[in-house]
Structure formats: C-alpha cells, structure tokens
Amino acid sequence: MATTLTQELLDPILATDPAGPRVTYYDDSTGERVEVSAVTLTNWAAKTANLLRDEFGLEPGARVSVLLPAHWQTAAALLGAWWAGADVTLAADPDAELALVHGDRIDEAGDVPEILAFSLDAFGKPVPDLPVGVTDYASSVRVHGDRFTPSGQQGALEGRSVGEVLTAARARAEAHSLAAGDRVLSTLAWGNADELIDGLLSVLVSGSSLVQVNRPDASKMDRRSETEKVSKTLSSP
C-alpha cells in the first residue's frame, strides 16, 4: 500500500524509539530551547494535517507554499502537509492553494486563496494584528485531533515524488554517514529543497535526532555539542 512521505519518515522511528528526543531546537538570540520526541512531533503533524484538510479543504495533490524558518514547528507543519498529500514548495507560489508563512512574511505569500500564519512562539501565542482573512496557526491547530488517516499519496516536495525525496534524503544521510542514534547538530536554514533534505529529512530517514540551532552564538557551540552529545555536524551540500 502506498504511503505518504510523513509515514515513510516517522513510522520506522515510532517503531524503534518513539520517546527519545527527535528535534531539539535552539534559538541563541532568545535563549529558547524546545525538545520534542517522535511521538510529540507526530501528534503535531497529525493536528496540522487535520487542520489543513478539515478547515482548508486541502486534498491530496494540492500545492502548498511554505515560508518558514528551520524550527520544530516548521518540521511539524511540513510533515502535516505531506501527510495530507500536499506538494510543498519552499517559495512563494502563485499556483498554491495555501501558504504557511511566518507572521513577519505574510506579504510574501502573494495572491493565494488561503494563508496560515505562524508566530513560532514558544508559549503558543498567536500572531498579533493579523489581516482579515488570515488564519492563525497556534490558535487553530490546538483543537484538532492528534490522529490522522491519509487519503492519498500525491505530492511531496517541489514536484518530486515521495520516492524521489526519500532517495535524495537517504543519499544525503549516507554522505554524512548518519546512523540511528546519532545526534546531529545543524544550522542549515531549510530555505530551499536541498537544504531541507540535507538538514531535516536526511536526519529523520536515518533514524538520527536533530539539534537545530538558529542564529547561532559561536561561543556556545562547543559546549552545546558536549551537553547534547552531538556525534555529527551538518554542512551545506
């Protein structure tokens, strides 16, 4: 039976290490640190998939534009979109049915039918002063269920199929010598498909866990690598 990219990435992890840290997120400019397990990431992805299908009517094969930084909520949003069968693009897309955007980038979404705005606030605060017609992610996602049953496989990443994305992710994991149990430190921004595959999907497909650092403070990195038991560090492809 065909499965979605999200199932292909998460099911093996859920079967072997559901409770261990999967994404540990740092923002050195704010001091924020959030750690989520595979179970928690899956629950958020399911909530997102339900939100996209039930509130926006998203169907398998729909195009979704994602304008979000590397972040644990972005990982959940991407996995939710793929679970719902979306073809994700990491740029403004005039043909998209929906745009998932940071609250500071709403104007970049362009003329799309629907916009879902993310504050990425650690405490779940909504985006302030949203324009009429823009939906707040933090306010909307929490009421949705944390179980999801997909209805199709269509779509993956910028026209690449599920199989093609998995092949690329496995190739990058092999290039980095990633293996299950690795703790992978990355500062990649997920700004394009190659960075996303390299900085997130290669980690998930290998069964590794990610330590994602945004706006890194160089003076903290050695100590962080020690405390987080980092075994690999990613560099750009």
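Reader: Which residue stands opposite Asp27 in strand 9?

Author: Asn214 does. This is a predicted model, by the way. The pairing of strand 1 with strand 9 (residues 209-214) is in the parallel sense, over five bridges.

Reader: How do you know that strand 1 and strand 9 count as paired?

Author: Pairing needs at least two bridges found by DSSP, and strand 1 and strand 9 have five, so they qualify.

Reader: And what stands opposite Asp27 in strand 2?

Author: That's Glu32. Strand 1 and strand 2 (residues 32-37) run antiparallel, joined by six bridges. Their hairpin has four residues between the strands, and Gly31 takes a positive phi near 80° there.

Reader: What makes you call strand 1 largely enclosed?

Author: Count its buried residues: six of the seven in strand 1 (residues 21-27) are under 20% relative accessible area. That's why strand 1 is described as largely enclosed by the rest of the structure.

Reader: On to the open sheet. What is its strand order?

Author: It goes 4-3-5-6-7, five strands with parallel pairing.

Reader: Why are strand 4 and strand 7 called edge strands?

Author: Each of them, strand 4 (87-89) and strand 7, pairs on one side only. From one strand to the next, the twist averages 25°.

Reader: How many bridges join strand 6 to strand 7?

Author: Three, with strand 6 (residues 114-118) and strand 7 running parallel. Within that pairing, Ile115 stands opposite Val134 of strand 7.

Reader: Which strands does helix 2 touch?

Author: Helix 2 (residues 38-56) packs on the sheet against strand 5 (98-102), strand 6 and strand 7, and its direction makes about 145° with that of strand 6. Helix 3 packs on the sheet too, touching strand 3 (63-67), strand 4, strand 5 and strand 6; here the angle of about 145° is with the direction of strand 4.

Reader: How do you know that the length of helix 3 agrees with what it should span?

Author: Twelve residues (72-83) at 1.5 Å a residue should span 16 Å, and the end C-alpha atoms are 16 Å apart, so the two agree.

Reader: What makes helix 3 "mostly covered"?

Author: Twelve of its twelve residues are buried, including Trp72, Gln73, Trp82 and Trp83. Just after helix 3, Gly85 takes a positive phi of about 90°.

Reader: Why is Thr74 called buried?

Author: The cut-off is under 20% relative accessible area, and Thr74 has 1%, so it is buried. Thr74 lies in helix 3 and touches Leu68, Pro69, Leu120 and Trp190, leaving out residues up to four places away in sequence.

Reader: And Thr135, buried or exposed?

Author: Buried: its relative accessible area is 19%, and the limit is under 20%. Thr135 sits in strand 7 (residues 134-136). Beyond four places in sequence, its contacts include Phe56, Ile115 and Leu130.

Reader: How do the axes of helix 1 and helix 5 cross, and what is that arrangement called?

Author: The axes of helix 1 (residues 5-16) and helix 5 (residues 162-175) come within 9 Å and cross at roughly 45°. Roughly parallel needs under 35 degrees, and roughly perpendicular starts at 65, so helix 1 is oblique to helix 5. Leu5, Glu8 and Leu9 of helix 1 make the contact with Val162, Val165 and Leu166 of helix 5. By type, those residues are five nonpolar, no polar and one charged.

Key: Residues numbered from 1 in each chain as written. Predicted model: local features only at pLDDT ≥ 70, side-chain atom pairs only at ≥ 80, totals over all residues. Heavy atoms only, no water. Helix = DSSP H or I, 4+ residues; strand = E, 2+ residues; numbered from the N terminus. Expected span 1.5 Å × (residues − 1). Buried < 20%, exposed > 50% of the residue type's maximum accessible area, 1.4 Å probe, protein only. Contact = heavy atoms within 4.5 Å. Axes fitted to C-alpha atoms, helices over the stretch in contact; angles between N-to-C directions. Parallel < 35°, antiparallel > 145°, perpendicular 65-115°, else oblique. Nonpolar A, V, L, I, M, F, W, Y, C, P; charged D, E, K, R; others polar.
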